[in-house]
Amino acid sequence: MSDRFPAVGKTAKSSSDSDPLLRAVADGDPNCPDGRMLSALGDLFRRHAQPPKETDDLSADILAKLKDVEHADVNELDAIDAFYDGATDGSATNVHVDPTLDRLAGLARSVGPRRVDVTNAVLRRIRASSRLAAVLGTDDERENHDGRSRWRIISAVVAGHVAALLAFAIFQIGFHAGQETQADGTTLAVSSDDAATDAAGGTVAGNRNGLNLNAPELPPNLPATWGDIRGLGTDLFLLRRFPELRANARQLFGMQASEPSVAHSVAWLRGRLDAKTGTFSADPLATADERALATHALGTLALLGEGLGDKAHSADTRRALDWLRIRLGDTELAGDGSGTDHAFAGLSQVTSGLVSLTLVEGALLYGDLGLRSVAESTLVTLDRGLPMQAGAAGLGGFTLLALETAQQGGMRVPGRLLQQARRSLARSLPTQDADAGRVGLAAFARYIYGLGSNSSTRLQVSQLGNLLPGSAAGRPDPLGWFFATLALREADGSDWQKWAGALEGQLIPLVQADGHVSAEAIRYGETGGEVFATSLVVLNLQVPYRYLPLAPTAEK
């Protein structure tokens, strides 16, 4: 250690000199940041900081100052600058300068850098704030942004009102604050506004707690990937939870025309649930074991797509989920997952993935720990050590969705299975592949991994533009369009607009007056029945709000 920085305990002029930083300041050591300035400032304040006498009465001076400020027409910012810069009497601001402050300003100018005016920078940051950008921005600024910029208004509304903050808090704690305890001790989640949903599943948009929620709005700080969702404290299922947000999402993504069809079809599906068993047993074609399981999973996913709904909707959805719990051998009671192993024995990857996705979504949407345990058991059972394939129409993507949804929701996911799914199910596809489902799955996987701006992703999105619904001969194929619809919703822009228009043009006419879709009206429908066909149509038309959209990429 140099002589300039003696060790503690070494003879010094005073006790404070044993501190090397104080000695460096006192000596004006140029190696100490701003040492000269600190030393000079200290000398100045020691010379001029004389305490007032006890007999001094400052009341009159203070009152006079307050009176002058009250009646003076002085620009506060100019006054502050004048004090700092050492303005003299008779200046434009008529400010009387304290001699000590004048000397301080001179010292600062002589030994240090000039002051930095941060006023404009602060105002720019305020205007750029995610909370206030929509409020402070001009109409021209807002209109020059794409459709997503209008969603920023929700940041000012949500952040400034207790009702929306409480709703967001409910999302994070499993919605226990919005659940109703039943006689058997279980809980049933209820809607934030039961009157907002009619018996047919229709929604009534409007004001809640005096807030205008009719305009299409998204929360601020959208995640760039699904992996970011937990870190941002947001919710993958946010848009589907409330009728207003579902209506807003349809408006933003240009699918308002599908709302009546979805409402009627969801009501029809609920009517097909057996009141006692909770299965879609009314479908005469759902007789084979695996077919019944896959059809039931699709129907339950359609119900889950409408969020918590009103009490009746929630009760029906819980019955459908409980049927799956029982069908899987009640792994919660088995404890070792043997029930799931037995139930999944012989099932295809597609059916197993559908069932797992249904249980994962149900557990996360309702905050149900029992369902969560069953869902995690199904994910373990999926890890069979066998290679996974995307398959025709990308149907292996249901397994990928189950794993990625569970991962972002904080559930236990087998690491080996997740990596295998990412390598095999989400891999690149040859550009000449004409299967919209497989191309859509690959593109959607890239979006949820934050690769939406990659050239390969844009190429796949462009390829889907040549595979629009209805462009090929044959019956409508909602099973083969589902993952392409998810991918193009993320792509947004003209690519999504063309796809959404073609999709509604193909699917909405299939919905009958009572809400069902004929099995013969869609591809593969005759093997699954009306519940199968209706559920697939609903799943495609729910895409605007099934999952929280990701932050737009520069190329969107």
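The conversation below takes the labels one at a time.

Modeller: Gladly! Please keep in mind that this is a predicted model. The protein chain has 29 helices and four strands, and buried residues make up 47% of its 556 residues.

Colleague: Let's start with one residue, then. Why is Q408 called buried?

Modeller: Buried means under 20% relative accessible area. Q408 has 8%, so Q408 counts as buried. Its place is in helix α21, residues 397–408.

Colleague: Which residues is Q408 in contact with, leaving aside its neighbours within four places in sequence?

Modeller: Those are W226, I229, R230, L236 and L364.

Colleague: Now the charges. What makes E361 and R546 a salt bridge?

Modeller: The test is a side-chain nitrogen of Lys or Arg within 4 Å of a carboxyl oxygen of Asp or Glu. For E361 and R546 the closest N and O atoms are 3.0 Å apart, so the pair passes. The two belong to distant parts of the chain: E361 is in helix α19 (residues 349–366) and R546 in helix α29 (residues 543–546), 185 residues apart. Both E361 and R546 are buried. R240 joins them in a network of salt bridges.

Colleague: How many salt bridges does the structure hold?

Modeller: There are 17. Another one is between the side chains of E526 and R475, at 3.1 Å from N to O. This pair also links distant parts of the chain, with E526 in helix α27 and R475 in the loop between α24 and α25, 51 residues apart.

Colleague: What about D477 and R523?

Modeller: Their side chains meet in a salt bridge, 3.3 Å from N to O. D477 lies in the loop between α24 and α25 and R523 in the loop between α26 and α27, so the pair ties together parts that are 46 residues apart in sequence. D477 has a relative accessible area of 11% and is therefore buried, whereas R523, with 39%, counts as partly exposed.

Colleague: On to the rings. Why is the pair F482 and F483 called edge-to-face?

Modeller: A pair of aromatic rings is described by the distance of the centres and the angle of the planes. Centres must lie within 6.5 Å, and planes over 60 degrees apart count as edge-to-face. Here the centres are 5.3 Å apart and the planes stand at 70 degrees, so F482 and F483 meet both conditions. F482 has 4% relative accessibility and F483 has 1%, so both are buried.

Colleague: How many aromatic pairs are there, and which rings form a cluster?

Modeller: The structure holds seven aromatic pairs. Ring pairs link W226, F237, F444 and Y547 into a cluster.

Colleague: And where does a charge sit over a ring?

Modeller: The charged end of R318 sits over the ring of Y366, 5.0 Å from its centre. R546, which forms the salt bridge with E361, lies over the face of Y547 at 6.0 Å from the ring centre.

Conventions. Residues numbered from 1 in each chain as written. Predicted model: local features only at pLDDT ≥ 70, side-chain atom pairs only at ≥ 80, totals over all residues. Heavy atoms only, no water. Buried < 20%, exposed > 50% of the residue type's maximum accessible area, 1.4 Å probe, protein only. Contact = heavy atoms within 4.5 Å. Phe/Tyr/Trp six-rings, centres within 6.5 Å; stacked < 30°, edge-to-face > 60°. Lys NZ or Arg CZ within 6 Å of the ring centre and 35° of its normal.
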